[in-house]
Amino acid sequence: MKNTKLHFDCKTAFMALLLTLCVATAQAAATCSRANLTRCLDSACAINVSTNPAARCQYCGTSGAGTPPTDNGMRSVSVGSSAKYNISAKDLKKAPDDPGERYAWATAQCIKKVTGCTADDVSETYDSLIEQSCKAAGISAEMANLAKAAKKAKTQSACQSEVKSCLIKDNKCTGDYRACGENADFDKFFAECSVAATGCDAYLADIRTKLSTDRDNAIKNAEANITNLAASYKSARDKKLADIKSGCADNGTRDACVETVCESNMINKCAPGFEAEKSMAILLCKFYEVACGTIK
């Protein structure tokens, strides 16, 4: 009975081990070899890549990279590629000419040739190689230039607003242009702001004329404002002095002071019979007589 149990346990363990090995083998078999996958895709997308770095972009990237150069019909993939995973020359004749369609066609061919690989493996393995090839072809640079050119397309009004906003900052001309009274200062700051305003070269001459006029008017107006302000203060002083002299001529200012003191500070309001209050009020307002004497 014991021997039977031992035999059963050994058989169970052996079967479990065999099953484990089978699963491991199946898993190993299903693993995608990305190196072989790249070799396969290169046979369709990287023809003559050793002499043409842009090949992957031209064959399987974008038609914007141009047509791949020909070499009298001789086509080859990079040295060292395994023929086992290459798409045959016969099959390549069926490959589409359009780069996007060719990439899709090559993907279908290669996931059949390289066991365990999927379309996701193709994308994760080969998209970056195509991108690098497109950079070699100058496509990325060209797209960046186009985007920059589009960004630079500005109206004269937008350019003028941008330059002026820069010019009247506190560390440049300031809002009233007082820091650019000299032409040299204005020219210096205008040049700095012009460089920062990309895409405005065609308008800079007109913008400079307009902002220079703005500067001249602002400075002229500021001077006029100062002159007007000074004249206003002088007029106010002169009027006040004239009023004081008028009040001193007939002691009207002193008498107004006495009346106020009597009304506000004296119990009997300096009424007749309360001459002491009136005398006190006159004494308190005597400083007006002293002041009038000084003005005369």
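Me: Which residues form the nonpolar patch on the surface?
Reply: In this predicted model, the patch is made up of Leu241, Ile244 and Ile295, which together have about 200 Å² of accessible area.

Me: Where is Leu241 found, and is it buried or partly exposed?
Reply: Leu241 is found in helix α10, which covers residues 204-249, and with 38% relative accessibility Leu241 counts as partly exposed.

Me: Switching to charges, how many salt bridges are there?
Reply: The count comes to 10 salt bridges. One of them pairs Lys210 with Asp214, at 3.1 Å from N to O, and because these two residues are four apart in helix α10, about one helical turn separates them. Lys210 is partly exposed at 38% relative accessibility, whereas Asp214 is buried, with a relative accessible area of 17%.

Me: What about Asp42, which residue does it bridge to?
Reply: Asp42 forms a salt bridge with Arg56, with 3.0 Å between the closest N and O atoms. Asp42 belongs to helix α2 (residues 34-45) and Arg56 to helix α3 (residues 55-60), so the bridge ties together parts that are 14 residues apart in sequence. Asp42 is buried at a relative accessible area of 6%, and Arg56 is buried as well, at 16%.

Me: And what does Arg215 do with its side chain?
Reply: The side chain of Arg215 meets that of Asp216 in a salt bridge of 2.8 Å, N to O, and the charged end of Arg215 also sits over the ring of Phe186, 5.0 Å from the ring centre. Arg215 is buried, with a relative accessible area of 3%, while Asp216 is partly exposed at 37%.

Me: OK, rings now. How many aromatic pairs are there?
Reply: The structure holds three aromatic pairs. Among them is the tilted pair of Tyr103 and Tyr126, with 6.1 Å between centres and 45 degrees between the planes. This pair links distant parts of the chain, since Tyr103 is in helix α5 (residues 99-113) and Tyr126 is in helix α6 (residues 119-136), 23 residues apart. Both tyrosines, Tyr103 and Tyr126, are buried.

Me: How are Phe186 and Phe190 arranged?
Reply: Phe186 and Phe190 form a stacked pair, 6.1 Å centre to centre with 15 degrees between the planes. They are four residues apart in helix α9 (residues 183-196), so about one helical turn separates them. Phe186 is buried at 1% relative accessibility, and Phe190 is buried at 7%.

Terms used. Residues numbered from 1 in each chain as written. Predicted model: local features only at pLDDT ≥ 70, side-chain atom pairs only at ≥ 80, totals over all residues. Heavy atoms only, no water. Phe/Tyr/Trp six-rings, centres within 6.5 Å; stacked < 30°, edge-to-face > 60°. Buried < 20%, exposed > 50% of the residue type's maximum accessible area, 1.4 Å probe, protein only. Lys NZ or Arg CZ within 6 Å of the ring centre and 35° of its normal. Patch = residues over 30% accessible without salt bridge, like charges linked within 9 Å, V, L, I, M, F, W, Y side chains within 5 Å. Areas by Shrake-Rupley, 256 points an atom, 1.4 Å probe, with all protein chains shown as cover. Salt bridge = Lys/Arg side-chain N within 4 Å of Asp/Glu carboxyl O.
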